[in-house]
Amino acid sequence: MNFFDTLVSRQDMIQTAFLEHIYLSFIAVAIGIAIALPTGILIARYRRFAEPIIAVTAIFQTIPSLALFGFLVPLLGIGSPTALIALIIYALLPILRNTYTGITGVDGSVIEAGRGMGMTRTQILRQIELPLALPFIMAGIRTATVLTVGIATLATFVGAGGLGDIIYRGLQSYNNSLVLAGALPVALLAIGFDLILKWIEKRTTPKGLKL
Amino acid sequence: MIRFEGVTKQFPDGTEALKKVSLTFPSHQLTAIIGPSGCGKTTLMKMVNKLEKPTQGEIYIDEKPITDLEEVELRRKIGYVIQRIGLFPHMTIKENASLVPKLLGWPKEKIASRIQELMELTGLDPDTYLERYPLELSGGQQQRVGVVRALAGDPNIILMDEPFSALDPISREQLQDELRNLQQTIQKTIVFVTHDMDEALKIADTIIVMRKGQVEQVGSPAEILGNPANDFVRNFIGVERIQRQRPFGDKNLSEFVSLFKEDGPDDIQEVSGTISVKEAFEVLEKSGQSHLAIRVGHNRRVYASERELLKAALLKEEGELV
Ligand SMILES: Nc1ncnc2c1ncn2[C@@H]1O[C@H](COP(=O)(O)OP(=O)(O)OP(=O)(O)O)[C@@H](O)[C@H]1O
Ligand SMILES: [Mg+2]
């Protein structure tokens, strides 16, 4: 069967898988941001906790993704929560590390000026550190998103759906068109998110830094 | 007035940056702190706005111990020009300069007119620069903005940590002159850290010479030059500079007319332009007044304060400043 026929005949299935895929990735990144951003801000303030916390997230990151899904199944069973938790774990490190390096990378003289002028810690964080770290934070979110979109392909193995379903089915039935019908959207999603987030990244770079 | 009483600062790593320092910075005067690198100038200055805290001793501002003062509030009332400029790169010049008045809750129009005025005072055209970002300015312009930002909230005390250190000699001289003129109008209590003796001699009312966390001498530029307290101070000033001052202190006042001011107060002692610079110093001191009137030619009078006399004493040849 040719590729376009496959697309048409399996349209509903592909569409559902596509939406599931976006949903999984989106929720994982959103929760990843909700956890990693404040943690990054905290460890930038209390630096002695930075190394151990980043080290722990880095260890999670090095576990091969399929293995991580495998570890989680005995603990949490099969289904979307398991897939989500695995994806969140992967999304954490890039956001955490970039938030931390973005904030700690702000020039000390600028912070000292802020303190010397009588800004409170919160004012320094909001008006100086975060705006100056924003391009880094956005880059972290972009990396996390692209990573998550890729790894979400494995969600099918814990019964959480997504475009991996299509690929897996295609592989099992030796149907190359079907494999392609799953793989192509994943690639496009990753590239699309990358482009959009790069654009946002540029937009959030403070004007004074673009010179 | 800012007063240090037995202030010692020991950093957690054991470095003793200040050792039982007792000092006074008189109100409405520019006091320069000078000394070799690492002698504790920055540390001393940062104690005034509580960026560093003494391990012993106390600092008083107008006789109030600063330990009792809330630090954020205190800092908003003290202008601070830091050693490495530290402008906020993501904010325009206007936003940078407005920061403290905004923190103080000034109304918008008042902030705008204040910034406008200070920009003009420091020689920066507001229309050209207010909307620019720091990176679009030259080093010298950035330092001026640093000064504008420190003055914006109309603080009574201004701390300046080597504010002109990164400049070429010409801009540097220019900013020193501007600061001096500015100080004549605004009359703030300024603490000015430098490691450049010429700069200190030129702009300070009082000079504090430091070494290794201790004060070696406190005095007016003329006192420091004319009467160095010990070998360290003498070496620090430079034998050359002292010797240069002597012979030229013997020159006649009339040779330096271009340095003196055309206007001055009435009712002050008048001297003839034919007396030496050195004699003029003595007359000025005895008169107890701020200025001396100098008669040159038949009916021309020029005016000199200690500063102008000092300039004359330091001048190598006509028109060339040492
Ligand atoms: N946070 C710190 N921890 C430990 N030692 C410090 C700290 N800050 C300064 N010092 C030490 O205290 C001493 C005085 O430092 P300070 O910065 O006051 O010198 P300075 O006179 O301003 O020098 P410079 O002319 O180079 O700016 C130095 O020996 C310095 O190494
Ligand atoms: Mg210093």
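**Salt bridges, metal site and interface**

Author: In this predicted model, B:D177 has a relative accessible area of 32% and is partly exposed.

Reader: With which residue does B:D177 form a salt bridge?

Author: The closest N and O atoms of the pair are 3.2 Å apart, within the 4 Å limit for a salt bridge. B:D177 belongs to helix 7 of chain B and its partner to helix 8 (residues 197-203) of chain B, so the pair ties together parts that are 25 residues apart in sequence. The partner of B:D177 is B:K202.

Reader: Is B:K202 buried or exposed?

Author: The relative accessibility of B:K202 is 13%. Buried means under 20%, so B:K202 counts as buried.

Reader: How many residues apart are B:E178 and B:R144?

Author: B:E178 and B:R144 form a salt bridge, with their closest N and O atoms 3.4 Å apart. B:E178 lies in helix 7 (residues 169-186) of chain B, while B:R144 lies in helix 6 (residues 139-151) of chain B. The pair links distant parts of the chain, and the separation is 34 residues.

Reader: What separates B:D231 and B:R234 within helix 10 of chain B?

Author: B:D231 and B:R234 form a salt bridge whose closest N and O atoms are 2.6 Å apart. Both residues lie in helix 10 (residues 231-237) of chain B, 3 residues apart, so the separation is about one helical turn.

Reader: Which protein atoms are donors of the magnesium ion (ligand 2)?

Author: The donors lie 1.9 to 2.6 Å from the ion. The protein donors are B:T42 (OG1) and B:Q83 (OE1).

Reader: Which residue of chain B forms a salt bridge with A:E112?

Author: The count between chain A and chain B is 2 salt bridges. In the one formed by A:E112, the closest N and O atoms are 3.7 Å apart. The partner of A:E112 is B:K46.

Reader: Which element gives the largest share of the side of chain A that touches chain B?

Author: The contact takes 23 residues from chain A and 24 residues from chain B. On the side of chain A, helix 6 (108-116) and helix 7 (121-151) are the elements that give two or more residues. The largest share, 8 residues, comes from helix 6 of chain A.

Notes. Residues are numbered from 1 along each chain as its sequence is written. Chains are lettered from A and ligands numbered from 1 in the order in which they are written. This is a predicted model: local features need pLDDT of at least 70, side-chain atom pairs count only at pLDDT 80 or more; totals for chains, interfaces and linings use all residues. Side-chain values use heavy atoms; hydrogens and water are left out. Contact means heavy atoms within 4.5 Å. A salt bridge is a side-chain nitrogen of Lys or Arg within 4 Å of a carboxyl oxygen of Asp or Glu. Helices (H or I, at least four residues) and strands (E, at least two) are DSSP runs, numbered from the N terminus. Donors are N, O and S atoms within 2.8 Å of the metal (3.2 Å for Na, K and Ca); water is not among the atoms, so sites may look incomplete. Buried means under 20% relative accessible area, exposed over 50%, partly exposed in between (1.4 Å probe, protein chains only).
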